[in-house]
Amino acid sequence: MSPWNRWDLHPSVITGLALLGGLYVYLGGLKSPRRQVASFCGALVVLFLALNGPLHNLSDTYLFSAHMAQHLVLTLVFPPLLLYGTPAHVIRSLLRPRWVMAIARVVTRPLAAATIFTAPIVIWHVPALYEAALRHHNLHIAQHLVFLTTAVIMWWPVLSPVPELPRAQHLVQMLYLFLLGIPMSVTGALITLSDSVLYPFYATAPRVGGLSPLDDQQIGGLLMWVLGGLMLWIVMSVVWFRYSVWDERTDAETKVPEEAYDVRR
C-alpha cells in the first residue's frame, strides 16, 4: 500500500476548485476589496488541502480521527471563508432566477438552516451509511458535497453577504450557534464513549502512529465533541463582542447595516 503522506491530486477536486474559482472571476469577484479576495482564495486553499494529499489519504484509508478532522474543516472552516470572501454582487448574480431566490429565502432562515445542516451530519454518522461512503467512492463524493452545501447554508444566518437574505440578529445568532453545537456534541460523545469499534472499515485499516482502532475512534469522537463545539463557541464570542459594540450605538436590535455586506452604491 502506498504511504499516507504522499501528495495525490484528485481530478474531481481540481475540477471543482477550477469551476468555483472561474465562476468567482467571471462574476467579478476580483473587483472586491483585497480582504474578501484573500478570504475566497483561502477557502479554495483549505478545500484543496482537505481533499488532496496526506489528510485525504489518512481519512480515506487509515484513520477515523483524520476523517473527522477533514469533516470539521469542510463544515466549520471552508464555509465562513467562502461566505466572507464572496461579495454581494456575486451572490446577487447567482440569486437572479426567481426560483433560486424563493428557495434561498426559505433555507437560509435559522431554523431551516440548522435542520438542513444537522440532519445530514447525524444521519451520515450512522455506521451503515458511514461505512457505505467509505467503500463507494462516488457515494463518498456525494457525502462531501452534501456537507459542503449544507454547511454554507448553516453559516448563512451568521455571515450572509446580502441584506436580501439577512443575517439573524446578534442574540439570535448566539442562540442559533449554541443549539447547533448540541447535536454535534451528542453525536461526538456517543462515538467517543462507545466501547466497541463502530466502523469496521477502520478496524481493519493499516495502523498509523500506534493507535488502536478504538483509540482512533475515541480521538475522532473527541474532535467532533470538543473541538467542533469549541469552534462554535469562539464564533459565539465574536458575535457577542460585536453585539456589545453595536449595542452602544443603539442599533443592536436592528438589521445588520449595509456596510457589513459591502454594498456598493
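**Cavities.** I began inside and found two cavities of 30 Å³ or more in the structure. A cavity here is a set of points, on a 1 Å grid over the protein atoms alone, where a 1.4 Å probe fits but cannot get out. Points are joined across faces, edges and corners, and the volume is the space filled by probe spheres set on them. The largest cavity holds about 80 Å³ of space. I listed its lining, meaning residues with an atom within 4 Å of a point: M68, H71, L72, T75, I121, H125, M184 and M224. Helix 4 supplies the largest share of that lining, four residues. Helices are DSSP runs (H or I, at least four residues), numbered from the N terminus.

**Ground rules.** I reminded myself that this is a predicted model, where local features need pLDDT of at least 70 and side-chain atom pairs count only at pLDDT 80 or more, while totals for chains, interfaces and linings use all residues. Residues are numbered from 1 along each chain as its sequence is written, and side-chain values use heavy atoms, with hydrogens and water left out.

**Aromatic pairs.** Next I looked up the rings and found nine aromatic pairs in the structure. Rings of Phe, Tyr and Trp (its six-membered ring) pair if their centres lie within 6.5 Å; planes under 30 degrees apart are stacked, over 60 edge-to-face, and the rest tilted. F64 and Y199 are stacked, at 5.0 Å centre to centre with 20 degrees between the planes. F64 sits in helix 4 (residues 64-85) and Y199 in the loop between helix 10 and helix 11 (200-203), 135 residues apart. Is F64 buried or exposed? F64 is buried, at 1% relative accessibility, where buried means under 20% relative accessible area, exposed over 50%, and partly exposed in between (1.4 Å probe, protein chains only). Y199 is buried too, at 2%.

F64 also pairs edge-to-face with Y202, at 5.9 Å and 70 degrees. Y202 lies in helix 11 and F64 in helix 4, so this pair ties together parts 138 residues apart in sequence. I then noted one aromatic cluster made of F64, Y130, Y199, F201 and Y202.

Helix 10 (170-193) was my last stop, and V186 lies in it. V186 is partly exposed, with a relative accessible area of 45%.

Conventions:
Helices (H or I, at least four residues) and strands (E, at least two) are DSSP runs, numbered from the N terminus. On a 1 Å grid over the protein atoms alone, a cavity is a set of points where a 1.4 Å probe fits but cannot get out, and a pocket is an open set with protein on both sides within 12 Å along at least five of seven lines; lining residues have an atom within 4 Å of a point.
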